[in-house]
Amino acid sequence: VNSSDRVGDMTMHHHIGIIDNIPVHPLYNTTLEDAAEAANRISRNLNSKNVPTLLYGAADRDHGRSLVQVRKATSFFQRGQTKEKGTIVGHPKLGTSVVGAVPYVLSFNMVVNTTNMDIIWPIIPEIRDKERGVQVMPYTNVFNSENIVEIACNLTKPESLEGSSDAVLRNVTERVEKLGLTVLHSYSTNPPFDSILSSYFKLLDES
């Protein structure tokens, strides 16, 4: 925050804040309430640096809104569109960051070679799968100065065979190919759970 003064295309992943999303997950013997308290401390710290924040999950103590619900209150899903009435407008240079407390999810995105969201919407219900822990939200992003569609997934069971990023990528690839499209590339915006847990235990050993 101190070294940056403007929201720009600093990363491939679409964002509307100088810090996009800070999810706090309970690990090992910690609770969701512990995560909520940590998320609120992070939010207050960012606010003290003039970074506006919105809370979600257990950190949003008044409403318990999900990440998608909070995103919809901002311009996150309105890229390249006229801002809807009531849209939360963040700081002109720092934007709006979101901070939440939720059980671990793997954020997995796939970039599809189309600018037409209307083509993608019909296959979203076929990708979304509550039992396998696959939550889906498509949106437009800017890649090589052109608006393209990304299919963003929150995977709540990424360690399972059918809920893994590999399984989701195969499913999406198969469905978009039937539309005459391809998945250009895919990426995760956070580390796998095992990696996070390994870093956590390493910190415990060093403390």
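This report describes the fold, sheet, cores and selected residues of a predicted model.

## Basis of the values

Local features are taken at pLDDT of at least 70 and side-chain atom pairs only at pLDDT 80 or more, while totals for chains, interfaces and linings use all residues. Residues are numbered from 1 along each chain as its sequence is written, and side-chain values use heavy atoms, with hydrogens and water left out.

## Overall composition

The protein chain has six helices and seven strands, arranged along the sequence as β-α-β-α-β-β-α-α-β-β-α-β-α. Helices (H or I, at least four residues) and strands (E, at least two) are DSSP runs, numbered from the N terminus.

Of the 207 residues in the protein chain, 42% are buried. Buried means under 20% relative accessible area, exposed over 50%, and partly exposed in between (1.4 Å probe, protein chains only). The accessible surface of the protein chain is about 11,600 Å², and carbon and sulfur atoms hold 51% of that area; the areas come from the Shrake-Rupley method with a 1.4 Å probe, and for residues only the protein chains shown count as cover. Among contacts (heavy atoms within 4.5 Å) between residues at least 6 apart in sequence, 67% join residues at least 24 apart.

## The three-stranded sheet

An open sheet of three strands has the order β1-β3-β2, with parallel pairing. Strands count as paired if DSSP finds at least two bridges between them. β1 (21-24) and β2 are at the edges with a single partner strand each, so one side of each has no neighbour in the sheet. From one strand to the next the twist averages 20°.

Four bridges join β1 to β3 (residues 97-101) in the parallel sense, and Val24 is opposite Ala101 in β3. Helix α1 lies across β1, β2 and β3 and runs at about 160° to β3. Axes here are lines fitted to C-alpha atoms, for helices over the stretch in contact, and angles run from 0 to 180 degrees between N-to-C directions.

## Nonpolar cores

A nonpolar core is a set of buried Ala, Val, Leu, Ile, Met, Phe, Trp, Tyr and Cys residues joined through side-chain atoms within 4.5 Å. The largest has 21 residues, and Met110, Ile120, Ile127, Ile151, Cys153, Val168 and Val172 have the most contacts inside it. Two or more residues each come from β4 (106-112), α3 (117-120), α4 (124-127), β5 (134-143), β6 (146-155) and α5 (165-177). A second, separate core has 11 residues, including Val24, Val51, Leu55 and Val99.

Beyond its neighbours within four places in sequence, Ile127 contacts Val134, Val136, Ile151, Asn171, Val172 and Arg175.

## Selected residues

Ser43 is in helix α1 and is buried at 5% relative accessibility. Leaving out residues up to four places away in sequence, Ser43 touches Thr53 and Leu55.

Asn50 is in the loop between α1 (32-48) and β2 (53-57). Asn50 is exposed, with a relative accessible area of 54%. Most residues other than glycine have a negative phi; Asn50 is not a glycine, yet its phi is positive, at about 70°.

## Aromatic pairs

Rings of Phe, Tyr and Trp (its six-membered ring) pair if their centres lie within 6.5 Å; planes under 30 degrees apart are stacked, over 60 edge-to-face, and the rest tilted. The count by this rule is two aromatic pairs. The ring centres of Tyr200 and Phe201 are 5.6 Å apart and the planes stand at 55°, so this pair is tilted. Phe201 is partly exposed, at 31% relative accessibility.
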